[in-house]
Amino acid sequence: MAQEGNNRLIAIAIGIGMLIGTGGAVVLARKIKNMLVGLEPPEIARLLEERSAMLQSIKEGVIAVDEFGRVMLMNAEAIRLLRQAGIEDFSFTGQEITVYLSAFRLQKVLEESTPQMDEEMELGGITLLTTSVPIRVKGEIVGAIVTFRDKTEMNQLAERLTGVSLYTEALRAQAHEFMNKLHVIMGMVHLRMYDKLEHYIMDAVEHHQVEIGSITRQIRDPVMAGFVLGKLSRAREVGVSFELTPGSHLPESSQAQTTHELITILGNLFDNAVEAMESLEHKRITLSLYYEKDQKNGCLTCILCDNGPGIPEGLVKAIFEKGFSTKGESRGMGLYLVTQSVKRLQGSIKLIPAEQGCCFQTTIPYIIAGNDEHD
C-alpha cells in the first residue's frame, strides 16, 4: 500500500511538473514571439538576408553605431569610400567610432539627438557629403546612422544636369523668340511687304550672327559661352537688358570643376538680379569678366550688376547666410550656394558700391587651358 501511495504521489508530481513546464513553455514562446514581432525563425532569416542585400545595393556609404557609439555595421560602398580616403584597416567594427572615424561626428548626434543634414567633411583628401540621424525605438535613442557620398562624383553628375538645364533653357527661350519672328514674317507675307520682309530677315540674321560672334570672341570657354548665350535669351524673354561689357575676356579653363562652380556662381547671381527687378519697368544687368595673369597664377574677376532696389546696408552680411531671405520661407539658398562655390575655389565675393541697384564682385583663381596660353 505504501508503495502504491508513493507511486501515486510521484505520478501526480510528474503531472504537475509537466503542466507547469508546458504552461511556462507556452508563456515563454508567446513572449519570444512578441519580441520577434510575430515572426517565425525562417521569416527572420529571410528578412536579414533581404536587409543585407538592400544595404549592399545602396549607392551611398552607410555606417551604423549603437547608443554607445560602437560601429555595428557598414556596407560595401562605405568600405570603398573609406579605402579611397586611405583607410584600409576595418577591424574597428565593434569599436567606438570616435577612435577611428571621429570626422563623422556621430557622437554629437547621439548626445544632442538632432540630425545633421548635408554636411561637407574632408577625409583623406576627398570631400564627402554626409547626413547623420539618430535611430529611435519607442522614443529612445538606440544608435545613429550616417550616409555619405563622394562630393566629386555628385559634382560631375550636377555638371551634366547643369549642362542639360542650360541647353533646355536656351532652346526654350530661342523657340519663343523664333515664334515671335515667324509671326512677324507671316504678317508681312500677308501684307505683301516683300521688300521690308527681306530687310527684316537680313537684319535678324545679321544681329544673331553678330551676337554669337561677339560672345564667342570674348568668352573662349565653350561651356561658359553657351551659358551666357542662354542667359541672353532668358533675359530677352523676361524683358531684361543683359549686356556683356565690351572689355570682358574669359579664356578656356583647364579645370572642369572651375567652370561648373562658375556657372553656379553667375547663374544664381543672375537669377537673383532678375527676381529683384520684377517690379521695375526698365531692367538692366551687366556682366564683366576680367582675366589677369601674373608670374605664378591666373585670376578671374566677375562683376555682375543690376539696377534693382539694392540691398539695405544692415543686411549686407546676412544675405550670404544659409536660409536668409526677405522673400518668405524655404528661400535664401542662392547666395549661400554662391559663397560655398567661391570657398571651394578659394576665392572671394563682396558687394561693391553702385549708384543704383547692387554689384557683386567675385574673384577666383583661374588656370587656363594650354591652347589659350597666348591670351
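**Reading a predicted fold**

Biologist: Which helix is Ile14 found in?

Modeller: Ile14 belongs to helix 1, which covers residues 2–35. Helices (H or I, at least four residues) and strands (E, at least two) are DSSP runs, numbered from the N terminus. Keep in mind that this is a predicted model: local features need pLDDT of at least 70, side-chain atom pairs count only at pLDDT 80 or more, and totals for chains, interfaces and linings use all residues. Residues are numbered from 1 along each chain as its sequence is written, and side-chain values use heavy atoms, leaving out hydrogens and water.

Biologist: Okay, sheets next. In what order do the five strands of the open sheet lie?

Modeller: Here's the general idea: strands of a sheet pair through backbone hydrogen bonds, either parallel or antiparallel. DSSP has to find at least two bridges between two strands for them to count as a pair. Here the order is 2-1-5-4-3, with antiparallel pairing. Strand 2 (71–74) and strand 3 (116–123) sit at the edges with a single partner strand each, so one side of each has no neighbour in the sheet. On average, neighbouring strands are turned by 25 degrees against each other, direction ignored.

Biologist: And which strands does helix 3 touch?

Modeller: Contact means heavy atoms within 4.5 Å. Helix 3 (residues 76–84) packs on the sheet and touches strand 1 (61–66), strand 2, strand 3, strand 4 and strand 5. Its direction makes about 105 degrees with that of strand 1. For angles like these, axes are lines fitted to C-alpha atoms, for helices over the stretch in contact, and the values run from 0 to 180 degrees between N-to-C directions.

Biologist: How many bridges pair strand 4 with strand 5?

Modeller: Ten, between residues 126–137 and residues 140–150, in the antiparallel sense. For one of the partners, look at Leu129: it is bridged to Arg149 in strand 5.

Biologist: What about strand 9 and strand 10: how many residues lie between them in their hairpin?

Modeller: Five residues, and Gly357 in that turn has a positive phi of about 70 degrees. Strand 9 (residues 348–352) and strand 10 (residues 358–365) run antiparallel, joined by five bridges. Ser348 stands opposite Thr363.

Biologist: Where does Gln346 sit, and is Gln346 buried or exposed?

Modeller: Buried means under 20% relative accessible area, exposed over 50%, partly exposed in between (1.4 Å probe, protein chains only). Gln346 lies in the loop between helix 10 (334–344) and strand 9. At 68% relative accessibility, Gln346 is exposed. Its phi is near 60 degrees, a positive value in a residue other than glycine.
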